[in-house]
Amino acid sequence: MKLRKQVTVCGGAIFCVAVFSLYLMLDRVQHDPARRQNGGNFPRSQISVLQNRIEQLEQLLEENHQIISHIKDSVMELTDTGAVSPSGHLPFRSANGSWVLPFDGRPTFLAVKPQDCQFAVGRNGQADVQMLDVYSLLKFDNPDGGVWKQGFDITYDPDEWNSDPLQVFVVPHSHNDPGWIKTFDKYFTDQTQHILNNMVVKLAEDPRRKFIWSEISFFSKWWETADIHKQEAMRKLILGGQLEIVTGGWVMTDEANVHYFAMIDQLIEGHQWLERNLGITPRSGWAVDPFGHSATMPYLLKRANLTSMLIQRVHYSIKKHFASTRSLEFMWRQAWDSGSSTDIFCHMMPFYSYDVPHTCGPDPKICCQFDFKRLPGGRINCPWKVPPKTVVEANVAERAHLLLDQYRKKSKLYRSNVLLVPLGDDFRYDKALEWDQQYINYQKLFDYMNSHPEMHVQAQFGTLSDYFSAVYKKHGVAQGSRPADYPVLSGDFFAYADREDHYWTGYFTSRPFYKSLDRVIESHLRGAEILYSLAVANARHAGMEGRYPVSDYALLVDARRSVGLFQHHDAITGTAKENVVIDYGTNWIRQDRGIICISPYLSSPPPPLSATPTSSCAYDCFFPLLSNRYLVLFNPIEQERLCAVTVLVNTVRVRVLTEDGQTLPVQLSAQWSSASQMSAESEHDMSCFYSNNLSSPLNLFFSLPILALSSSCTLFHMQSIKRKDDPQEVKVQMQFMIYGTRPSKDKSGAYLFLPDGKAKPYNQKEPPVVRVVEGPLFSEVVAHYQHFHLVLNCFVFPGVDGYSIDITTMVDIRDQTNKELAMRLVTDIQSGDVFYTDLNGFQMQPRRLHLKLPLQANFYPMPSQAYIQDSSHRLTLHTAQSLGVSSLESGQLEVIMDRRLMQDDNRGLGQGLKDNKRTANRFRLLLESRSTGNKMMDSATTSFPSVLSHMTNAILNHEVLALPILPKRRGIPPLQTFAPLKSILPCDFHLLNLRSIQSQVRRHKNSERVGTVQEPGPAAAPAHVSDPDGLQHASGQRLHHQLGSHGDLRLQAQTALRAARTKSNKNPPDSSDQKPSRRWPQTGNRGVWVSLFC
């Protein structure tokens, strides 16, 4: 504004001088006697000069007209904002024309009071087995164990079962992946529907036959296609105990990359389906195929009222150790639980796999002979060259004793005489013949064993809960209770290795594009759930229930199931075939279109509930401003927030107004067509430093209200971060590294990470193009490398956003071969060999760097955050997508950002990773000072994020949703702020969702809201975007506006909310968690970005 006034004064002065000069010239000509005597005949040269001067005058008049037009606009803006007093809670214009953020006397930091952390203080769980200690204890060598290659020789005394016979439960099962080599629908058509159809017939033939089933996604699809007779037959099998539904989730979820929101949501979807259609609740968990196991899963199963669970894919050295100490069954307890309220009984399978050769006992050569699908003449056989034999009277004795020997040896690894023997594999029992082969031959073996008392065994088919019930009965304890002398374990089971040094740590990062997209869709689904529940409740309250389109509930159900399906352990992991991954993405778009508008990268949120959305689903927050346009902002978290909301428009002449007509502050940013090219109009409206081919180091320094950041522009490496309230500067250097893969033998693939050694620095021949933009609301630095673009955003307004640095890496390695790109943070924090990663965004797990293990073994999943710390500082890297992370040296954090691998890693996929996409990885880097108060929260086995860290993660993963609308008729649409909460919730309180559940009685007409697992509290606020001149400009710029401190823009409501927060000692003094808006992808060079702050 000050510059504009100076230009106005200067232009006016030039205009006055030009007019006065012309006047003097004409006056002199008029009174000059010589000229009169010449009859007024001017020389041609003088006439030409006069004409030029008249043209210059006309140009000056036009420029003056433009200046006056700018002055007019400025006066209008000043008039619009004149009603906002400096004591208000919205930003206002100062006397010199600059924007001022209001300050209401609250400190701009988050304080944590001792009473806020009672959960963390003294919550050190007591466990007999701590996985951190197990990793330190084991040598992780791999000696040959004989027939059990990864174990040891098992011996037993034949008479030890004389007084207590062995009780064997053979549990038939079929593991059905909802997408892997084939798509979900293709698997169902080719195999799964036949398995379930045969199940109805074959189980009914003999009441002694049992079976278990896990994946409700497949089961519900079969149910919808089955006739009433098949449905009743299936219901009879379940209620009669012949068929058990285990776990009951929509899928058998991955446990490394998934967020606990999605873990819970898919579990609820499956359990609700079972309750609504079958009236049952699962009792036991079954997870045979996830690639490692998280401590979050037993907690969720326990809270879902399951009493027991089974796991399989655990590091072979850990299995061997647990088998040698007979600790394969244990009570799994959360590390932070000082009591036993989180305990759940867990059974760990001891051998290599869940297939038949590795489940009856330690010798796969013998066990394979009892997989009767491999009988001679079939499509599969035994790799050990000894085929199964059909059981007949002539060989039943020999066959029974051979099998019993394996049963006895396996039972020696457990603490009871009750034995579990799974009988199945992937997509087994799809042919009626296999049902007969397995059940008839095994029943002959069981009949022989049970009819010979001298064998001291009772063998039978059973379900998983049959087995667990027998264990509890054997020890005389109630269901789910701890048997005497069984160990208590805490910790998790990452990273998983199935043989040699083949660590399954590559899938922590594989296909990061889909991992990122999944997290965005989860957030949008959650927002849609909240809006739907609030809309239905509000309609009921207003007596307008019949007018609300509750048929939209079907769209929510489809979206839940689409998101749930992707949590499958071959989907979000990035370990499915390329066509299957495309099918998952297509399914997202098709199922979510009704509530979440998805363009190629989910460019727009769901349409508003009370207005008509723009045509189709392609509005990607682009506003063609021929006239006024309207935008509803939805804050999906339960606290007030101050954040940037970015919108793309097509003109630089934009004002953004609140619903009551107040103008909001703006920062105009360019839209760039290339690394160094922006539109011509942008050059006049922003302050930008651009550099190419830097020949000498150039240091940049940003001084922000809370942080000070310095970096070097030679290679654009961050150098240091300093908090204003901390005298100590922390060195934080950002480096980019490249991993290769082994040159021979086994190589990295979708599952495995097998590097060719330590990472090498990323180098390119030309220096990066560095672009620096500084503005009143935030500053941005962009570095363009050949294979990635690095963007740092530093926000200058107070609140949560100002405490962390927003980092985006746009990665594109499609021209690479067998390379993995990593981002490494090198600091002077003395973290030693300890670092911390989260488990599913739910809890933190301490990690140790083990030099005795290969490099790839020290990587762990990072679904939401990882940090290092010493006695003075903690540095946390928050992430908006799951990636692999490690700390390979003291003071370092390293994240794998993308992987491009040309070969399969021999784990069944049959493909490499060659379908890479240009992917935006988003982070927040948070530096915190440690005090006595927060140091006492940590122990050797537990650690907790700060309240500030929790809020930083929330604003990164739950952005304000901008909902562009068109009114149904001309004029201003009847929109008003909707704030359902009477007051904000405490900053240390998070509700996961506000999920409507379909009633069993009145489907689609009677919704019940469940508040046990989910989140409320949003506010939706309309904003009015106008083009004051009714003009369109084909410029490319981003306009950043500021909308106050809450989604609710009513000042009286803000006052009440702030007062409520001040009175609550559980709320930190500045929990106005600001949240940066998502920058939706640009659609060419056609627009202006409008960023609103709410």
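This is a predicted model: local features need pLDDT of at least 70, side-chain atom pairs count only at pLDDT 80 or more; totals for chains, interfaces and linings use all residues.

Q: Which helix does Arg560 lie in?
A: Arg560 belongs to helix H16, which covers residues 553-566.

Q: Is Arg560 buried or exposed?
A: Arg560 is buried, since its relative accessible area is 2% and the limit for buried is under 20%.

Q: What does the side chain of Arg560 reach?
A: The side chain of Arg560 comes to 2.6 Å from the backbone oxygen of Ser996.

Q: Where is Gln998 placed?
A: Gln998 is in strand E40, residues 995-998. Gln998 has a relative accessibility of 13% and therefore counts as buried.

Q: How far apart are Gln998 and Arg276 in sequence and in space?
A: Gln998 and Arg276 are separated by 722 residues in sequence, while their C-alpha atoms are 8.8 Å apart in space. For the protein chain, 76% of the contacts with a separation of 6 or more are between residues 24 or more positions apart.

Q: Let us step back. How many helices and strands are there in the protein chain?
A: The protein chain has 20 helices and 44 strands. Of its 1094 residues, 61% count as buried.

Q: What about the largest nonpolar core: how many residues has it?
A: The largest nonpolar core has 186 residues, and Phe219, Phe322, Tyr407 and Phe493 have the most contacts inside it. A second, separate core of 22 residues includes Val288, Leu464, Phe468 and Tyr472. As background, nonpolar side chains in soluble globular proteins tend to be buried together.

Q: Which residues does Phe322 touch?
A: Not counting residues up to four places away in sequence, Phe322 touches Val129, Met131, Val134, Ser327, Leu328, Phe330, Met348, Leu489 and Phe493. Phe322 is one of the buried residues of H10, together with Tyr316, Ser317, Ile318, Lys319, His321 and Ala323.

Q: And what do the buried residues of H10 pack against?
A: They pack against strand E3 (129-130), helix H4 (131-137), strand E9 (329-332), strand E10 (344-348) and strand E13 (488-490). Helix H10 itself, residues 316-324, is mostly covered, with seven of its nine residues buried.

Q: At what angle do H5 and H6 cross?
A: The axes of H5 and H6 cross at roughly 70 degrees and come within 10 Å. The two helices are therefore roughly perpendicular to each other. On the H5 side, the residues making the contact include Phe184, Tyr187, Phe188 and Leu196, and on the H6 side they include Phe218, Phe219 and Trp222. The residues of this contact divide into eight nonpolar, five polar and two charged.

Q: How do H12 and H13 pack?
A: Helix H12 (residues 396-411) and helix H13 (residues 432-450) pack at about 85 degrees, and their axes are 10 Å apart. H12 and H13 are therefore roughly perpendicular to each other. Tyr407 is one of the H12 residues in the contact, and those of H13 include Tyr442, Phe446 and Met449. The contact residues of H12 with H13 divide into 11 nonpolar, one polar and two charged.

Q: Changing topic to the backbone: where is there a cis peptide bond?
A: A cis peptide bond joins Phe494 and Ala495, with omega at about 0 degrees. Ala495 lies in the loop between E13 and helix H15 (512-541). Most peptide bonds are trans, and most residues other than glycine have a negative phi.

Q: What is the phi of Arg511, then, and of Asn305?
A: Arg511 has a positive phi, near 55 degrees, and Asn305 has a positive phi near 75 degrees. Arg511 is in the loop between E13 and H15, whereas Asn305 is in the loop between helix H9 (296-303) and strand E8 (308-311). Arg511 counts as buried because its relative accessibility is 6%, while Asn305 is exposed at 62% relative accessible area.

Technical notes
Residues are numbered from 1 along each chain as its sequence is written. Side-chain values use heavy atoms; hydrogens and water are left out. Axes are lines fitted to C-alpha atoms, for helices over the stretch in contact, and angles run from 0 to 180 degrees between N-to-C directions. Helices (H or I, at least four residues) and strands (E, at least two) are DSSP runs, numbered from the N terminus. Angles under 35 degrees count as roughly parallel, over 145 as roughly antiparallel, 65 to 115 as roughly perpendicular and the rest as oblique. Contact means heavy atoms within 4.5 Å. Ala, Val, Leu, Ile, Met, Phe, Trp, Tyr, Cys and Pro count as nonpolar, Asp, Glu, Lys and Arg as charged, and the others, Gly among them, as polar. A nonpolar core is a set of buried Ala, Val, Leu, Ile, Met, Phe, Trp, Tyr and Cys residues joined through side-chain atoms within 4.5 Å. Buried means under 20% relative accessible area, exposed over 50%, partly exposed in between (1.4 Å probe, protein chains only). A polar contact is a pair of N or O atoms within 3.5 Å; within protein, one must be able to donate a hydrogen and the other to accept it, and residues adjacent in sequence count only if both atoms are side-chain atoms.
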